[in-house]
Every structure is written in C-alpha cells, then in structure tokens.
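Thanks for coming. I have a few slides on one chain, and I will keep to side chains and where they sit.

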Amino acid sequence: MSANLSNTLYGVPLPKNIVDYRSSESRTRLCRTLQTGYAIPFLSLSSCYNTQSMPTYCGISTLATILNALRIDPRCRWKNTIWRWNTEDWLDFCISKDGVKGLGTTLEEFIYLAECNGAIATLVRPDNSAEHFEKFVQSLESVCTGSKQASDQGSSDEVPKELMAISYSREAVGQFGGGHFSPVAALDRETNSVLMLDTARYKYPPHWIPVELIFQAMLPVDIVTGKSRGYIVLEAKDEQSSS
C-alpha cells in the first residue's frame, strides 16, 4: 500500500534569476571560477558539505561544514568512536539541552558556537548603502580568491584561510521559507553571482545567486532578534589550525 503523499513536496523549483548547480550554465560558471581563482573555498567546503537533518538546522549545518572545511578539531568524539568530527548534533548540544529544533539559530548563537568551537568570527550587518555593498563585494573577493591566505607566508594552499556564511531572507530572493544560512563556495565575476551551498537540499539544490540580490536579502529585519541579517567571515584560531 502506497504512502499518503498529499501536502508533501519533493524539491521546489528555483526562481528564474537563480541558476541551478546541476545545469550546464552552472558548469560553465564553476569551471570559470576555478580557472580564474575565484573558487578557493569550493573544494574544502564541498568535501564536508552537509544536508541539514532538521528544518531548523541550516545555521548549525552551515557552521559544521565550515568548521570541518577549516579543519578545526572539535576535541570531542563522534558517536563514541575513535574519530573527531564537527556535527550538527554536537553543535546543537552546545546551545542547550533543548537545542534549536523550534526557532532555528540566530546570528548571535551562530557567532557564539563558532567562537567556542575554535573559530574567529567577524559579523557584518550591512545597511542599504553603496559603501556597505562595496565592502561586501570586497569581502566576497577576499574569501573566494584566498587573498588573505596568499599574503600569509607559509600558509597551506589546501586549507582556506577564511570562509564566509551568509544569513539572509529566503523570501527576499524569491524562495520558499524564512531566514536561512548558507556557506559561500565561489564568486563568478563575469555574471556577478555567488555559489551558495544550500544545506536544505531536500528543498533546493546548491545554486548561483546574483551578488546584488543576496546583499538585499540580508537587509530585512529578523523578527526573532529585531535586527537585520548579515554575513560572517570565519577563520581558525591559530592554536586550532590543523597541521
């Protein structure tokens, strides 16, 4: 007997101005960014990329992916094995016994979890000004080209020096849902779009969003905190960096 699938969905179509990662256009953009050096985060992030296990876990799933991509040792066992690995369950436990299953993760909780688990986190809440937009573009370029990493003598080419997560309104980019977190994997300067590794893969695949659109999507006020959303640049603390 087949299950009742009424009022259920298997994925949601992306808006027309957002490019599906699985498309031929996406392949063109990804190849171009890899060739031009604007996809430094891609290999490290994609090797650790999670699908969030709960509808409200976009924040901690994004953070777990980034912590592992930065090779930050969580200093705790994974499921009582000999292995140590950053996971949603471990980060959820760090917040409270009730976790984030109800309301999701705020930016303040994201920063707290990042910093107490071995990262340096720099938060920017932009306003709708040309100055803040330019600063955002500069941050994107720095992260996606590894410019800070290139300036540090002796840094490993295999581990990104810094990575970026963006907290934004799904509604503002024409998607289904409320607030969301995603890591940034690449920047295509030819189309002015960023590759977002969406952790809610049961809803949307990874996709390319115009830079201007994702910037505007950070501006709406989060009803939980009463503040706008924003972007976070993360790097490993010196004592936490893997050799």
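Predicted model: local features only at pLDDT ≥ 70, side-chain atom pairs only at ≥ 80, totals over all residues.

Start with helix 5, which covers residues 107-116. Which of its residues are buried? They are Leu 107, Phe 110, Ile 111, Leu 113 and Ala 114. If you look down the axis of helix 5, these buried residues fall within an arc of 165 degrees, so they line one face of the helix. After the helix comes Gly 118, and its phi is positive, near 100 degrees.

Next, the aromatic rings. A pair of aromatic rings is described by two things, the distance of the centres and the angle of the planes. How many aromatic pairs does the structure hold? The count is four. In one of them, Phe 110 and Phe 181, the ring centres are 5.0 Å apart and the planes are at 5 degrees; planes under 30 degrees apart count as stacked, so this pair is stacked.

Phe 136 lies in helix 6, residues 130-145, and Phe 215 in helix 8, residues 211-216, so the pair ties together parts that are 79 residues apart in sequence. Phe 136 has 0% relative accessibility and counts as buried. Phe 215 is buried too, at 1% relative accessible area.

Where is Arg 229 placed? It is in the loop between strand 8 (227-228) and strand 9 (230-236). Is Arg 229 buried or exposed? Its relative accessible area is 12%, and buried means under 20%, so Arg 229 is buried. Setting aside neighbours within four places in sequence, its contacts include Leu 107, Tyr 168, Met 218 and Asp 222. Leu 107 is one of the buried residues of helix 5.

The other one is Arg 201. Its charged end sits over the ring of Tyr 49, 3.8 Å from the ring centre.

That is what I had to show.

Technical notes
Residues numbered from 1 in each chain as written. Heavy atoms only, no water. Buried < 20%, exposed > 50% of the residue type's maximum accessible area, 1.4 Å probe, protein only. Helix = DSSP H or I, 4+ residues; strand = E, 2+ residues; numbered from the N terminus. Arc of directions from axis to C-beta. Contact = heavy atoms within 4.5 Å. Phe/Tyr/Trp six-rings, centres within 6.5 Å; stacked < 30°, edge-to-face > 60°. Lys NZ or Arg CZ within 6 Å of the ring centre and 35° of its normal.
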